[in-house]
Amino acid sequence: MASHRPFTVDQANGMIPWLESVLERLDRHRESWLRHYEGLQILQTLWGDDVESADNPDHAELLDHRRAMETESAAVERIVREDILGHGLRFPAGGLEQGIVDFPTTFEGRWVYLCWRRGEPGIGHWHEVDGGFGGRREITDEHVIGMGRDDELPDDSVLDF
């Protein structure tokens, strides 16, 4: 079982500027992937299956688009793995597209997530592990004091990583 460390609200807030830069890098790779995908679609619309033929005048361009898409996909996967997951954070379902990141923390002896959405000035919400974005609750002063400060960590097998 992997061991996760709980984030305090202050620690999570301290990561927001860095996280914004990570998301900007992801945006650039995703936008590049999309440009190449659109180029691929244009060639397939123009030529149909004939674009797959090595003697097609646009076949090399087709291969270039495919290679570039693979490169961009690998870059996105690496950034997510190293810079998001590698720092103990998580993207919930749809998080990459929506800019939503969860920080595992503890509260009252259980794991919960601090929930941040891109564009928010800081961590202002949290939710239960099985609650998702729709179950977000506002953080109160009591939460700020208690979250991520449990001396004994609960079983982290409930975390979705």
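## Terms and their grounds

Visitor: Why is Leu 46 called exposed?
Guide: In this predicted model, the relative accessible area of Leu 46 is 61%. The term exposed applies over 50%, so Leu 46 is exposed. Leu 46 belongs to helix α1, which comprises residues 9–47.

Visitor: What makes Ile 42, Leu 46 and Trp 47 a nonpolar patch?
Guide: Nonpolar side chains are joined within 5 Å, provided that the residues have over 30% relative accessible area and no salt bridge. Ile 42, Leu 46 and Trp 47 form such a patch on the surface, and together they have about 310 Å² of accessible area.

Visitor: Why are α1 and α2 described as roughly antiparallel?
Guide: Two packed helices are described by the angle between their axes and the distance between the axes. Helix α1 and helix α2 (residues 59–84) pack at an angle of about 160°, and their axes are 9 Å apart. Angles over 145 degrees count as roughly antiparallel; α1 and α2 are therefore roughly antiparallel to each other. The crossing in which α1 passes α2 is left-handed.

Visitor: Which term, buried or exposed, applies to Asp 50?
Guide: Asp 50 is located in the loop between α1 and α2. Its relative accessibility is 52%, and the cut-off for exposed is over 50%, so Asp 50 counts as exposed. Asp 50 and Asp 64 are 14 residues apart along the chain, and 16 Å separates their C-alpha atoms.

Visitor: What makes the contact between Arg 118 and Glu 20 a salt bridge?
Guide: The rule asks for a side-chain nitrogen of Lys or Arg within 4 Å of a carboxyl oxygen of Asp or Glu. For Arg 118 and Glu 20 the N to O distance is 3.5 Å, and their side chains meet in a salt bridge. Arg 118 is in the loop between β2 and β3 (125–128) and Glu 20 is in helix α1, so this pair ties together parts that are 98 residues apart in sequence. By this rule the count comes to eleven salt bridges.

Visitor: What is the N to O distance in the salt bridge between Arg 118 and Asp 27?
Guide: The distance is 2.7 Å, N to O, for the side chains of Arg 118 and Asp 27. Since Asp 27 lies in helix α1 and Arg 118 in the loop between β2 and β3, the pair ties together parts that are 91 residues apart in sequence.

Visitor: Why does Arg 118 count as partly exposed?
Guide: The term covers values between the limits of 20% for buried and 50% for exposed. Arg 118 has 29% relative accessibility and so counts as partly exposed. Glu 20, with a relative accessible area of 21%, is partly exposed, and Asp 27, at 22%, is partly exposed.

Visitor: How do you know that Asp 102 forms a salt bridge with Arg 90?
Guide: The closest N and O atoms of Asp 102 and Arg 90 are 2.4 Å apart, and the limit is within 4 Å. Asp 102 is in strand β1 and Arg 90 in the loop between α2 and α3 (95–98), twelve residues apart. Both Asp 102 and Arg 90 are buried.

Visitor: Why is Glu 108 called exposed?
Guide: Its relative accessible area of 56% is set against a cut-off of over 50%, so Glu 108 is exposed. Glu 108 sits in the loop between β1 (100–107) and β2 (110–117). Although Glu 108 is not a glycine, it has a positive phi of about 50°. A network of salt bridges links Glu 108, Arg 110, Glu 128 and Arg 137.

Technical notes. Residues numbered from 1 in each chain as written. Predicted model: local features only at pLDDT ≥ 70, side-chain atom pairs only at ≥ 80, totals over all residues. Heavy atoms only, no water. Patch = residues over 30% accessible without salt bridge, like charges linked within 9 Å, V, L, I, M, F, W, Y side chains within 5 Å. Areas by Shrake-Rupley, 256 points an atom, 1.4 Å probe, with all protein chains shown as cover. Helix = DSSP H or I, 4+ residues; strand = E, 2+ residues; numbered from the N terminus. Buried < 20%, exposed > 50% of the residue type's maximum accessible area, 1.4 Å probe, protein only. Axes fitted to C-alpha atoms, helices over the stretch in contact; angles between N-to-C directions. Parallel < 35°, antiparallel > 145°, perpendicular 65-115°, else oblique. Left-handed = near helix turned anticlockwise from the far one by under 90°.
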